[in-house]
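Me: I'd like to learn how to read a fold, its pockets and its cavities. Could you take me through one?

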Amino acid sequence: MRVALFLTCVNDTLYPDTGRAVVKLLTRLGVEVDFPMAQTCCGQAHYNTGYRHEAEPLAEHFADVFRDYEAIVTPSGSCGAMVRELYPRMGERARAQGRGDALAATLAPVVPKTYELTEFLVDVLGVTDVGAYYPHTVTYHPTCHGLRSLGLGERPRRLLQAVRGLELVELPGAEECCGFGGTFALKNPDVSAAMGADKVRNAESTGAEVLCAADNSCLMHIGGTMTRLRTGMRPVHLAEILASTKEEPAV
């Protein structure tokens, strides 16, 4: 199977190891992974900040870059939700404004074949045991877009439960937002910081070494809070745990 890695802006700029982990993991599972060099922002930041018309050229470019792949895999619930949930709305909005069906027709082919990583592993490849080894105590935070928009449900937990050496402990208040929310954190910094502190205190109460999530934007917010509170915990993307093996362990 030939798939495209949609890495996303945050990962490309700040967390390239997550992209490398996805490639390592999928290659180990027999998947041919391409990284289209022409990929850019999916338009989520623009769309969610109210610049919806300005997001349209980015969405059209995304569709042009990725349309010929069997599947598009991303290690980001928020950007995956942008394509799956909001690209159809963009097409509907253009139609409602009397601009015809062109935008909807352009975006439609990429919507159903865009998968968040855990969806692709469990639903498309049909695996939960990916041969990973990670001898650490881990607690899992389900990020909002993955939880509410994509409905990832138990997929991430099923994958983590199959990792050899990993002890998974439940996170109190797991389904509560961490407070990041993109530009929400900039516009409402006090509220965002308070929500982040609540999340980190709950994580610290588990005694886990690692807080894991499937979205690095949320892990960036949580990790910054962990550092300020001097918890000693560390944030790790799920892909990096799943890519870890005895022969090539992740920290």
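Predicted model: local features only at pLDDT ≥ 70, side-chain atom pairs only at ≥ 80, totals over all residues.

Me: How do I read a sheet, say the one with β1 in it, and what is the order of its strands?

Reply: General idea first: helices (H or I, at least four residues) and strands (E, at least two) are DSSP runs numbered from the N terminus, and two strands pair if DSSP finds at least two bridges between them. Here, four strands make an open sheet with parallel pairing, in the order β2-β1-β3-β4. Its edges are β2 (32-34) and β4 (114-116), each pairing on one side only. On average, neighbouring strands of this sheet are turned by 35 degrees against each other, direction ignored. For angles, axes are lines fitted to C-alpha atoms, for helices over the stretch in contact, and the values run from 0 to 180 degrees between N-to-C directions.

Me: Which bridges join β1 and β3, and which residue stands opposite leucine 5?

Reply: Strands β1 (residues 2-5) and β3 (residues 71-74) pair in the parallel sense over three bridges. Leucine 5 has valine 73 in β3 opposite.

Me: And which strands does α2 touch?

Reply: Contact means heavy atoms within 4.5 Å. Helix α2 packs on the sheet and touches β1, β2 and β3, with its direction at about 170 degrees to that of β1. Helix α7 (residues 117-124) packs on the sheet too, touching β1, β3 and β4, and makes about 100 degrees with the direction of β4.

Me: Now the sheet with β5: what is its strand order?

Reply: Four strands form an open, parallel-paired sheet ordered β6-β5-β7-β8. The edge strands, each pairing on one side only, are β6 (167-169) and β8 (234-237). Strand β5 (residues 137-140) runs parallel to β6 and is joined to β6 by three bridges, and threonine 139 stands opposite valine 169 in β6. Helix α12 (residues 216-229) packs on this sheet, touching β7 (210-213) and β8, at about 170 degrees to the direction of β8.

Me: Is threonine 137 buried or exposed?

Reply: Read it off the relative accessible area: buried is under 20%, exposed over 50%, partly exposed in between (1.4 Å probe, protein chains only). Threonine 137 has 16%, so this residue is buried. Threonine 137 sits in strand β5, and beyond its neighbours within four places in sequence, its contacts are Glu167, Val169, Ala208, Glu209 and Val210.

Me: Why does serine 217 count as buried?

Reply: Because its relative accessibility is 10%. Serine 217 lies in helix α12 and, not counting residues up to four places away in sequence, touches Val10, Ser78 and Phe180.

Me: How do I read the largest pocket, and what volume does it have?

Reply: Take a 1 Å grid over the protein atoms alone: a cavity is a set of points where a 1.4 Å probe fits but cannot get out, a pocket is an open set with protein on both sides within 12 Å along at least five of seven lines, and lining residues have an atom within 4 Å of a point. Grid points are joined across faces, edges and corners, and a volume is the space filled by probe spheres set on the points. The largest pocket has about 700 Å³ and 30 lining residues, with Gln44, Ser78, Phe180, Gly181 and Gly182 nearest its centre. Helix α12 gives the largest share of that lining, four residues.

Me: And the second largest pocket: which element gives the most to its lining?

Reply: That's α2, with five residues. The second largest pocket holds about 360 Å³ of space.

Me: How many cavities of 30 Å³ or more are there?

Reply: Two. The largest cavity has a volume of about 60 Å³, and its lining includes Tyr140, His141 and Ala214. The second largest cavity has about 30 Å³ of space, with Thr139 and Val169 among its lining residues.

Technical notes. Residues numbered from 1 in each chain as written. Heavy atoms only, no water.
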